[in-house]
Amino acid sequence: MNKWLAKREKDGKPVQVGLVGAGQMGRGMVAQIQQMKGMEVVAVCDIVPENAAAAYLNAGIPADRIERCNRLSQATTAVEKGRWVATEYADIVFNLPMVDVVIDATGVPEIGAKVAYHAILNGKHIVMLNVEADVTVGPILNKLAQSSGVVYSGAAGDEPAAIMELHDFAAAIGFEIIALGKGKNNPMRLDANPDTVKEEAKAKGANPKMLASFQDGTKTMVEMNCVANATGFVPDRAGMHGPSATLEELSRVFTLKEDGGILSRRGVVDYVKGVAPGVFAVVTSEQEEVRREMQYLKMGDGPHFTLYRPFHLTSLETPLSAARAVMLGEPTIAPLGAPVAETVAVAKRDLASGQYLDGIGGYTFYGQLQTLEDAKKANALPVGLIDSRTKLKRDVRQGDVLTYDDVLLNDGSFIVHLRRLQDQVFDVKGDDVL
C-alpha cells in the first residue's frame, strides 16, 4: 500500500476523501491523513460545522485555506482552488465530483445508513467506521455497492477489521480456525448508562453514551456481529461466553467441551476478559508436521495455537481502507452475503407500555449477540433499528429480549425501511433481487 500511495503522491493524483463525522475519530483521521503520502481529505462534514473546520485546524491546515460551504457548486469551486471544505451538509460530500471515497465516522446507525446509501448511489466507495450501521443493514448496502461497481468496506483499525486480518492470514496458509475474538478491557456492567459512567467519561473526555455502550457489552456484541457476517462464524451461545483468560490460556479455553474447553462447536466468535486491547484467532492443523513446527516456533504446545495482534489503532488506520477501496477495489471487511448473526435488544430495566426507548449506550436496553436463526425464531429486535421515537406497545421486564411485537418502530426512519428491504432480499432464494 505504501508504494502505491507514494506513486499517487509522485503523480499528483492523491486519493481524495470525503469525511462525514468530525468527532474524536474523525479528527484523528484528518490529522493522520495529513501526514500520509498520496491521500487528502478534501471535504469534512459535521452537524456542527465548527467541528469540521476544527478537524482541519487541528491537523495544521491554515484557517485561510478552509472554506465553509453550504452549496455543492461552492464546494466544487473551493476544492478546484486547492481549499479544504467544511460543511454541515452530507450531500455535499457524496456529490462532490472529485471525492473518490466517503468515510462515515458518525457512529449513528441512522446517519451511517443514509451516508452509505447515497455515497453508493453517487458512485463513491464507502468506508464505514460505523459498525452499528453495518450489522443492521451492511448486507444490503454491500450488495447495492457490488451492483453499482463500488466498494463497501468496514474500517481498518476497528477491531472487526483487525480480526479479519488474522482470519484471512490463517485461512490463506491453511489453518483451521476454531475461534475469532477480541479482548474486552472493562468489566461487563449490563446496567451501565450515561449516568453511571458520567464521571469516568468526563475524566477521559469521552461521550457518556459511547462509554456506556462499551461497559454494557453492546459494542462488543456489535463488533463480533460484524465479524460473524463477514466470515460465517457464529456465537456459540447467546451473548457469547466471554471467559476470563490470559493470552497463554486462550488456545486451551477455546476448544471443544469434550477436549476440556468451553465450546460446543468450532467456527465461533467470542470475546475474552483479560486480553485487551488485542484481537485473536485460535487455530489448529491436522498436519502433525505443522503442529511440530508451531511448537518449535514457541506458539504453544498444541494442538490449538493462538494468533494474536496486540493493538488496533482505530481511526488512525482507517485511511488504509479508503486507499484499498480506491486502488485495489477491495474491502477490508464486508458481509459475505446474507447475515448469520444479529445483535438484539435486551431490557436494562422494567419498561412500561407507552414509553419511548432511547439508543445504544442509553438507559433502556443493551445488545446481545445471537445467531440469526435464534433471533428470527424469537422475532427479536435488532439494536440498530431503535431510536428515541421507538415506542413500546406493552410492558417488558428487565432481562427480556425485546421483539418486533413489543414496539412501534419509527416509520420515518431510513434505516428501518432499508432493513425491511434487506430482509426481503435475503429471504429470496438465489439472492438475485438487486
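Reader: Which residues does Gln368 touch, not counting residues up to four places away in sequence?

Author: This is a predicted model, in which local features need pLDDT of at least 70 and side-chain atom pairs count only at pLDDT 80 or more, while totals for chains, interfaces and linings use all residues. Residues are numbered from 1 along each chain as its sequence is written, and side-chain values use heavy atoms, with hydrogens and water left out. Contact here means heavy atoms within 4.5 Å, and with residues up to four places away in sequence set aside, Gln368 touches Met221, Ala238, Gly239, Glu342, Thr343, Val344, Val346 and Val401.

Reader: Is Gln368 buried or exposed?

Author: Gln368 is found in strand 14 (residues 365-371); strands are DSSP runs of E with at least two residues and helices are runs of H or I with at least four, both numbered from the N terminus. A residue is buried under 20% relative accessible area, exposed over 50% and partly exposed in between, using a 1.4 Å probe and protein chains only. The relative accessible area of Gln368 is 18%, so this residue counts as buried.

Reader: Which side chain is joined to that of Gln368 by a polar contact?

Author: A polar contact is a pair of N or O atoms within 3.5 Å; within protein, one must be able to donate a hydrogen and the other to accept it, and residues adjacent in sequence count only if both atoms are side-chain atoms. For Gln368 such a contact has a length of 2.9 Å, and the side chain at its other end is that of Gln370.

Reader: What is the relative accessible area of Thr332, and what surrounds this residue?

Author: Thr332 sits in the loop between helix 14 (318-328) and strand 13 (341-347). Apart from residues up to four places away in sequence, Thr332 touches Ser153, Gly154, Ala156, Ala161, Met164, Ser321 and Arg324, and its side chain makes a polar contact of 2.6 Å with the side chain of Ser321. Met164 is 168 residues away from Thr332 in sequence, yet the two C-alpha atoms are 7.8 Å apart in space. Thr332 is therefore described as buried, its relative accessible area being 15%.

Reader: To which strand is strand 8 joined by six bridges while the two run parallel?

Author: Eight of the nine residues of strand 8 (residues 176-184) are buried, so this strand is largely enclosed by the rest of the structure. Two strands pair if DSSP finds at least two bridges between them. Six bridges join strand 8 to strand 11 (residues 279-284) in an antiparallel arrangement, where Glu176 stands opposite Thr284. Six bridges also join strand 8 to a strand that runs parallel to it, and there Leu180 stands opposite Val269, which belongs to strand 10.

Reader: With which residues is Thr220 in contact, leaving aside its neighbours within four places in sequence?

Author: Thr220 has its place in helix 11 (residues 218-231), and it counts as buried because its relative accessibility is 3%. Leaving those sequence neighbours aside, Thr220 is in contact with Lys182, Lys184, Met240 and Tyr271.

Reader: What is the phi of Met240?

Author: Met240 lies in the loop between strand 9 (234-235) and helix 12, and with a relative accessible area of 3% this residue is buried. Although Met240 is not a glycine, it has a positive phi, with a value of about 65 degrees.

Reader: What is the relative accessible area of Lys298?

Author: Lys298 is placed in the loop between helix 13 and strand 12. Its phi is positive, about 65 degrees, although Lys298 is not a glycine. Lys298 is exposed, with a relative accessible area of 75%.
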